[in-house]
Amino acid sequence: MFQSPDLAPSPRPARHFASALSLAAAFALGGPALVHAGVRLDDDRGSVLELPAPARRIVSLMPSLTETVCALDACDRLVGIDRHANWPVAVQRLPQVGGIDDANIERIVALKPDLVLLRPRSRAAEPLERLGIRVLALDAKTHADMRRVMETVARATGQPGKGEAYWRRLDAGLDAARARVPAGWQGRRVYFEVHGGMAAASESSFIGETLARLGLANAVPGTLGPFPKMSPEFVVRADPDVLMVSALGELSAMAARPGWSAMNAIKRGRVCSFAAARFDLMMRPGPRLDEAADAIVDCLVRLGDPRS
C-alpha cells in the first residue's frame with residue numbers, strides 16, 4: 001500500500017505561530033478549523049488504507065458501491081463508474097471506465113481520482129496502486145458485510161456514523177416488509193433463480209438472508225455455497241412453493257425444462273417474474289435492500305394465499 005503524505009506541520013516557529021492563530025480564529029468564530037484529519041480504513045484484502053483526507057474524487061468499479069456512495073449523499077464526488085452502474089439516474093452521465101474485469105486503467109488515471117472503489121479480486125487494483133492511485137477493496141456477501149461496507153464508505157467520504165444510520169433505516173424497512181408478508185406464505189419454500197437459470201441464491205447468500213428476514217424458507221441449502229450451479233433435477237426434487245426469476249425466464253420456457261411441468265409452482269402459476277431493472281437491484285448488495293424486499297412481498301401478495 002502507499003504511505004499517506006506527511007501531514008505533520010513544519011517545525012519552523014513562524015509557521016507554528018501562524019497555524020495556532022488560524023486554529024484559534026476558527027474556533028473563536030464558533031466553527032471547526034478547516035483542517036482534515038487522515039482517514040484509516042480496513043481493506044477487504046486484509047490491509048489498511050490511509051487517506052490524508054476524505055475522498056473528494058471517487059471512481060467506483062462496482063454498481064453496488066456506486067449506489068452506496070450516492071445513498072450517503074456523496075454522489076457529487078463520483079468522477080467515473082463502471083459500465084453496469086445505472087442508479088441513481090444521474091450517474092449515467094458520468095464517464096464509464098469499463099467493467100469489473102476489464103477496467104480501463106489509463107482512463108481511470110486521467111480522471112485524477114483520490115480513491116478507487118473496487119472488489120478485492122479486481123485486476124485493476126495492482127496496476128492502479130503501482131501508479132500511485134489509492135484503492136479501497138470492499139466485498140459484501142452478507143447483510144453484515146453490507147452494513148460494514150456502508151460505514152466504511154461513509155468514513156472514506158468523511159461522514160463517520162452515516163453508514164450505520166443508513167443501515168438502521170434499511171433494517172427497519174426489512175421489518176416493515178416482513179410485516180406485510182401474507183400469513184399463508186410464512187415458512188414457504190422459495191427457489192430464487194439467478195444467472196439465466198444456471199444458478200440459484202442459497203440460504204448463505206445475501207438474497208437468502210433477505211428471504212429469511214421475510215419469514216420465507218429457501219429450497220437451496222447454504223452448504224452448497226452462496227450462488228451454486230443447479231441442475232433442473234434438483235429443483236424438481238425440491239418442489240419449491242414459489243419460483244422467483246428474472247423476467248427473461250418465461251413460464252412456458254421453464255415448464256419445458258425436464259420434469260418442471262410437474263412442479264406445483266409451475267402448475268399453479270406461482271412464479272415471481274421481475275423486470276430487468278427490478279432484478280438488477282435484487283442482485284446488488286447495496287442500499288436498496290429494502291426495495292428488493294418490498295418487491296418480493298408485492299409479488300407474494302399478488303399471488304394470493306398458497307393454501308387456497
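Salt bridges and a sheet

Me: Which side chain does Arg257 meet in a salt bridge?
Reply: Arg257 meets the side chain of Glu193 (2.6 Å, N to O), a salt bridge being a side-chain nitrogen of Lys or Arg within 4 Å of a carboxyl oxygen of Asp or Glu. Arg257 lies in the loop between helix H9 (251–255) and helix H10 (264–267) and Glu193 in strand E7 (residues 189–194), so the pair ties together parts 64 residues apart in sequence. Helices (H or I, at least four residues) and strands (E, at least two) are DSSP runs, numbered from the N terminus.

Me: What kind of model is this?
Reply: This is a predicted model, where local features need pLDDT of at least 70, side-chain atom pairs count only at pLDDT 80 or more, and totals for chains, interfaces and linings use all residues. Residues are numbered from 1 along each chain as its sequence is written, and side-chain values use heavy atoms, with hydrogens and water left out.

Me: How many salt bridges are found in the whole structure?
Reply: The search finds 23, including one between Glu67 and Arg288, with the closest N and O atoms 2.8 Å apart.

Me: New topic: in what order do the four strands of the open sheet come?
Reply: The order is E4-E3-E5-E6, with parallel pairing; two strands pair if DSSP finds at least two bridges between them. Strand E4 (78–81) and strand E6 (135–137) stand at the edges with a single partner strand each, so one side of each has no neighbour in the sheet.

Me: And which residue in E4 is opposite Ser60?
Reply: Ser60 stands opposite Ile81.
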